[in-house]
Every structure is written in structure tokens, then in C-alpha cells.
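Colleague: I would like a careful look at one part of this model, and then at how that part sits in its wider surroundings. Please keep the explanation connected, and give the cut-offs as you go.

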Amino acid sequence: MRPSGYLELLIVAVLVVLAALFPLVGSNLHIGVGLDMMMFAALAISWALFSGPTHYISLATAAFYGLGGLIVAMGMADYELPFWLMIAVAALAGGVLAALIGLATLRLTGVYFVIFTLGLAEMIRNLVSWIQNNFLGSHGFLIFSDFRDQHYYWMLLAVVAVVYLLGWVINRSRLGFALRIIGNDETVARHVGINTAMAKVILFTTTGFFAALVGAIVAPRWSYIEANQVFSPHISFLVVIMALLGGTTRLWAPIVGVVPFLLIWNWINGNLPNQSTLFIGVAFLLIVYVLPHGVVGRLEQLRSKIREGRS
Amino acid sequence: MLDILVSGLLLSGTYALVAMGLNLQYGVARIMNLANGEVLVLGALAAFWLYTTRELNPYITVIAAALAAFAGNWLIYRFLLTPLVRRAKTQGALEVDSILATFGMSFIIMGVMFSIEGGYFAYKYLSEPISIIGSTTSVNRVIAFLAAVGIGGGLYLWLNHTRTGVAMRAVSVSTEASGLVGINVPRMSALAFALGGAVAAAGGALISTFITLDASIGVVFTLKALIIVIMGGVGDIRGAIVAAVILGVVETAVATLIDPGLTLAAAYLIFVLILLFRPQGLFGRRTT
């Protein structure tokens with residue numbers, strides 16, 4: 001194992017500590033923005049854990065995120081169960097859902113997987129509304145909580161740190177190696193004896209677990225939760241854009257996309273709310289045509305070019 | 001029971017048509033087009049807008065929308081997708097690129113449609129009741145079905161009995177081999193992609209007479225068309241028709257017997273069953 005790997009962890013640990021101090025100095029407005037960034041950083045990094053090496057575009061983030069939020073809301077509002085228990089239940093439910101989807105679709109080619117995840121959030125939303133209309137009678141949940149924005153911020157920061165650490169461990173494990181081979185050539189991977197389906201399912205389960213966890217953590221912040229709100233498909237697209245914009249070649253690369261994109265996104269929503277859909281479309285095209293390997297990938301290309309020039 | 005069968009069957013005509021278009025785009029041009037549903041909704045918007053502002057007969061719009069979509073999709077393929085086809089090293093890389101690119105396009109089309117009409121595309125045209133084998137339905141549904149059968153049938157004959165059509169099917173079997181026997185593959189792919197778009201827009205204008213759409217509904221149609229294509233087997237027109245009938249009837253049954261909000265869930269259930277038991281399509285042979 002290379003020592004630089006531990007150096008990377010040390011740097012990340014220092015950054016996490018610095019980030020944890022931010023709510024003590026920042027204003028409420030800044031903490032709110034920081035909270036959003038932490039949330040998308042956690043979602044984007046965990047998305048890239050699976051979609052980065054395999055190149056399978058998952059559009060299911062909103063489904064897991066919404067499921068997590070809904071489970072917490074239901075548990076806290078209807079059964080008065082503690083928050084900490086509910087986020088564990090929500091994250092596990094997200095993992096189970098992801099595993100089921102993975103088992104059904106990941107044995108086949110990537111296209112089926114993308115198509116399946118495309119409408120998943122919408123389908124679950126329809127299903128939940130139907131169940132609520134016919135059996136439960138209630139449409140929304142009121143949640144009371146003492147948490148303030150900095151508490152959500154810290155919880156999400158902890159999730160980011162855990163996801164990062166997990167990604168670091170996976171990259172160094174047999175599983176990470178297997179995934180990189182799958183991403184390069186799946187046929188080769190199968191022929192050298194890798195259980196490709198199982199490797200993909202495990203990683204996708206991780207992604208689902210963390211997306212549901214994030215949705216669960218921020219759920220009390222809504223105060224009032226409805227299925228229509230939490231399953232907003234926008235989350236899925238934003239996560240894909242942010243992760244690909246930053247790049248997926250390095251664990252930290254998605255964050256490079258999260259920070260600037262979220263600032264622009266907030267500005268657009270504040271000033272040109274009618275153009276937000278158009279903006280998402282332009283961002284996708286920008287990624288495909290200008291930055292196919294993300295900002296980080298582009299920078300690495302430049303760096304290697306400069307090195308070649310010198311030698 | 002009969003009502004469900006009749007209206008499900010009538011609905012499936014348009015589904016089959018749109019799925020046929022998507023089949024051309026994915027099977028021949030090798031582009032997984034996630035903007036297909038938006039092109040369909042664009043056709044519906046054109047019919048709605050021209051009818052409410054100019055009182056133009058929606059069936060004239062069907063033809064106009066098909067022609068416009070043909071030109072538009074040809075340009076999209078030629079200038080936006082061809083660079084992706086050229087740069088892709090493998091089929092997998094092209095799939096990822098085309099999914100992201102067409103997904104981006106779908107949002108751009110959606111954004112433009114929102115700025116034209118933010119609400120529902122609601123209008124009435126030929127909604128008089130008509131009785132078919134003891135079941136009451138409306139005239140516009142029957143016309144849409146007949147038009148879909150006409151267009152689809154024409155397309156089928158064209159694919160099987162003309163030189164260009166056969167060349168196109170050859171490309172869908174093997175891009176490399178058809179290039180070797182002198183078929184202009186880029187041209188055929190562009191043509192197939194444009195045809196697929198034209199068919200989607202025509203289908204959209206047809207169903208706009210009896211289904212109320214809005215700018216954001218496109219993804220649902222993309223999804224249904226994709227499910228039909230997968231269920232029928234990529235490149236299999238007969239399979240697509242059977243799959244469209246199954247989806248149309250099951251959806252109508254779920255909507256009438258249980259709840260209209262569950263049609264997407266029903267489509268997903270079918271999708272899961274197909275993925276689990278017949279991922280190669282209803283009539284496809286299992287490949288290793």
C-alpha cells in the first residue's frame with residue numbers, strides 16, 4: 001500500500017475538522033448553503049462510488065432520498081419513534097430497495113438499469129399516494145424536532161466523511177479492483193472470474209443506503225412532509241450533473257462539481273425560476289460535449305500534457 | 001370488461017407506433033433516445049396550440065408535426081449525435097454519452113415547452129361517442145388508432161419491401177457488416193433517427209385529442225415506449241406490437257379497476273417481470 005494513500009486520508013481528516021468548525025463562525029445564511037452543499041456532496045460522492053467505475057448512470061437517487069425522508073416522517077409523526085432509530089431503519093430500507101433493483105437489472109446491460117431508474121421515483125410516489133389515499137387517509141406528516149441547521153450540517157458532514165472513508169477502503173480492496181475491470185471491459189471481467197453482477201449489486205446497495213440516509217437526516221428540516229415533495233425527481237438529475245461535472249476519477253472529484261453548480265443553481269432558482277429546467281438541460285449537454293471526464297479529469301489531462309512537454 | 005379491452009386496444013395503437021419509432025432509433029441508429037417522450041409531447045403541444053389559436057384541424061398538425069420532427073431529429077442526429085458516435089470507442093461508451101446527451105435535450109425541450117404553455121394542453125376535438133362491438137368509446141380514439149395502424153403498417157411495408165428499408169434493417173443487424181456491403185451507415189442511421197422522431201411527434205399529436213398532456217409528462221411516455229421495446233425485443237416489430245397491446249390493456253384495466261394513479265406502477269410491474277423472466281424479449285431467443 002502506498003503511503004500517499006494515508007497522506008490523502010490525513011488531508012481529508014484535517015479538512016473535515018475545518019469544515020466542522022464552519023457553523024461556529026458562519027452566519028445562518030451561510031450555514032444553510034453549507035448544509036445544502038454537504039447534502040449534495042454526500043449524495044454525489046456515494047453516487048460516484050457506483051456510477052464512477054461502472055459507468056452505469058443511476059437516476060434513482062430521488063427514489064432513495066424520498067423513501068428515507070418518508071420513513072423518518074412516518075415513524076416520527078405517526079408512531080412517535082425516536083429519530084435515531086428511524087434514520088437507521090430508513091437507510092436499511094434504502095439499501096434493501098437498491099439491492100432488489102440491482103438484482104433485477106444489473107445482471108443485464110446498463111441500458112435496462114438506466115431505464116428502470118428513470119421513472120422509479122415517480123412510480124414510488126404514485127404508489128405511496130395511492131396507499132395514503134386508500135388506506136391511511138393522511139397526506140402529509142408533521143414532524144417536530146429541536147435540530148437547527150448546524151446540527152443537520154454536522155450530521156451530513158459525518159456522512160460525507162464516512163462515505164469518503166468507505167470509498168477509500170473499497171478502492172483499495174478486491175471489490176474496487178473488480179469494479180474498475182468491469183468498467184473497462186465487462187466481458188473481460190467475467191472471463192477472469194469476477195462475479196460482475198454481485199460486485200455491481202453490492203456497490204449499488206451502498207449508494208442506495210447512503211442516499212436514503214441523507215434523505216432521512218434532512219427529513220425533520222421540512223417540518224411538514226408530503227410524498228409529492230420528497231420524491232421530487234430533480235434531486236436525481238442534480239446529483240448526476242454535479243458528480244459528472246466534477247468528475248468521477250477521484251473520490252473527492254464530485255465535490256469540485258457540487259460547490260460551483262449549487263451556487264449557480266441557487267442563483268437561477270432565485271432569479272430565473274422559469275429557466276431552471278432549461279438550465280439542467282444545458283448542464284447535461286455541457287458535460288457530454290465539453291467536459292466528458294469532468295473538471296478534474298480535464299485538469300489531469302492538462303497536467304499530463306504539461307509533463308510530457310517537459311520530458 | 002369489454003370496455004377495458006376496447007379502450008386498451010385503441011390506446012395500444014399509438015403506443016405501438018411510438019415504440020416502433022424508438023426501435024428505429026435504438027435498433028438502427030444505436031442511440032438510446034431519452035428525449036423521445038418530449039418529442040411526442042412537442043407534437044401534442046403543436047396540435048393543442050394550433051387548434052386553440054388558429055383552429056387548425058389536429059389531424060393536419062399530425063402531418064406537419066411529423067415533417068417538422070423529421071427535419072429536427074435529422075439535424076440533431078447529424079450535428080449533435082454524430083460526434084458522439086465518432087468518438088465512442090465501444091457500444092457501451094456510446095450508450096452512456098447518448099443517454100446523457102438526449103437526457104439534456106429532453107430538459108431543453110421541456111424548458112422551451114414550459115415557456116410556451118405552463119398548464120395542461122386541454123382541448124376537445126371529435127370527442128363524440130361512438131359504439132364499437134357493444135362498447136362505447138369516442139371518435140378521436142378510433143381515428144388515432146386507425147392512423148397509428150396506417151402509419152405503422154406503412155412503415156412495416158417500407159422496411160420490408162423497399163431497398164432503403166431493407167438496408168436499414170441490415171444496419172440494425174450489424175453496423176460493420178452492412179458498411180462492408182456498401183450501405184451508407186451514417187446516412188441510414190440519420191434517416192432512422194429522424195423517422196423515429198417523426199413517428200413520435202405524429203403519435204403525440206394523435207393522442208393529444210383524447211389525453212390531456214402537460215410539458216413535464218414526456219418522461220412517462222419515454223418510459224412506456226422503452227418498456228414496450230424491451231418487452232418486444234429490440235428490433236422486433238411484431239414483438240413491439242404484442243407488447244404494446246399488453247401494456248395498453250393492462251394499463252387500462254388497472255386504471256378502471258383499481259386507480260388511474262397506478263398505471264405507471266403497472267408498467268413497472270410488467271417491466272420487472274420481463275427483466276426477470278424474458279430479458280431477451282417476448283419472442284427473442286436467449287443469447288449467451
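Which side chain meets that of Glu251(B) in a salt bridge, and at what N to O distance?

Modeller: This is a predicted model, in which local features need pLDDT of at least 70 and side-chain atom pairs count only at pLDDT 80 or more, while totals for chains, interfaces and linings use all residues. Residues are numbered from 1 along each chain as its sequence is written, chains are lettered from A and ligands numbered from 1 in the order in which they are written, and side-chain values use heavy atoms, with hydrogens and water left out.

The partner of Glu251(B) is Lys224(B), with 3.3 Å from N to O; a salt bridge here is a side-chain nitrogen of Lys or Arg within 4 Å of a carboxyl oxygen of Asp or Glu. Glu251(B) sits in helix α10 (residues 237-257) of chain B and Lys224(B) in helix α9 of that chain, so that the pair links distant parts of the chain, 27 residues apart. Helices (H or I, at least four residues) and strands (E, at least two) are DSSP runs, numbered from the N terminus. Glu251(B) and Lys224(B) are both buried, which means under 20% relative accessible area, with exposed meaning over 50% and partly exposed in between (1.4 Å probe, protein chains only).

Thr263(B) also touches Glu251(B), along with Val254(B) and Ala255(B), when residues up to four places away in sequence are not counted; contact means heavy atoms within 4.5 Å. This threonine, Thr263(B), belongs to helix α11 of chain B, and with 18% relative accessibility it counts as buried.

For context, the count over all chains comes to 7 salt bridges. In chain A, Lys200(A) and Glu186(A) form one through their side chains, at 2.7 Å from N to O. Because Lys200(A) lies in helix α10 (residues 196-222) of chain A and Glu186(A) in helix α9 (residues 186-191) of chain A, this pair ties together parts that are 14 residues apart in sequence. Both Lys200(A) and Glu186(A) are buried. Glu300(A) likewise forms a salt bridge with Arg250(A), where the closest N and O atoms are 3.1 Å apart. Here Glu300(A) belongs to helix α15 (residues 294-310) of chain A and Arg250(A) to the loop between α12 (234-246) and α13 (253-271) of chain A, so the pair ties together parts 50 residues apart in sequence. Glu300(A), at 24% relative accessibility, counts as partly exposed, and so does Arg250(A), at 37%.

Turning to the meeting of the two chains, 38 residues of chain B are in contact with 35 residues of chain A. The area buried between them is about 3200 Å², with 81% of it given by carbon and sulfur atoms; buried area is the accessible area (1.4 Å probe) that two parts lose on being put together, summed over both. On the side of chain B, Leu100(B), Phe107(B) and Tyr268(B) lose the most area to chain A, together 19% of what that side buries.

Between chain B and chain A there are 0 salt bridges, but 8 residue pairs are in polar contact, both residues being at pLDDT 80 or more. A polar contact is a pair of N or O atoms within 3.5 Å; within protein, one must be able to donate a hydrogen and the other to accept it, and residues adjacent in sequence count only if both atoms are side-chain atoms. The elements of chain B that give two or more residues to the side touching chain A are α3 (58-87), α4 (91-116), α9 (218-232) and α11 (263-277). The largest share of that side, 15 residues, comes from α4(B). By class, the side of chain B that touches chain A has 31 nonpolar, 3 polar and 4 charged residues, where Ala, Val, Leu, Ile, Met, Phe, Trp, Tyr, Cys and Pro count as nonpolar, Asp, Glu, Lys and Arg as charged, and the others, Gly among them, as polar.

One backbone detail of chain B remains: Glu55(B) has a positive phi of about 55° although it is not a glycine. Glu55(B) is found in the loop between α2 (36-54) and α3 of chain B, and with a relative accessible area of 67% it is exposed.
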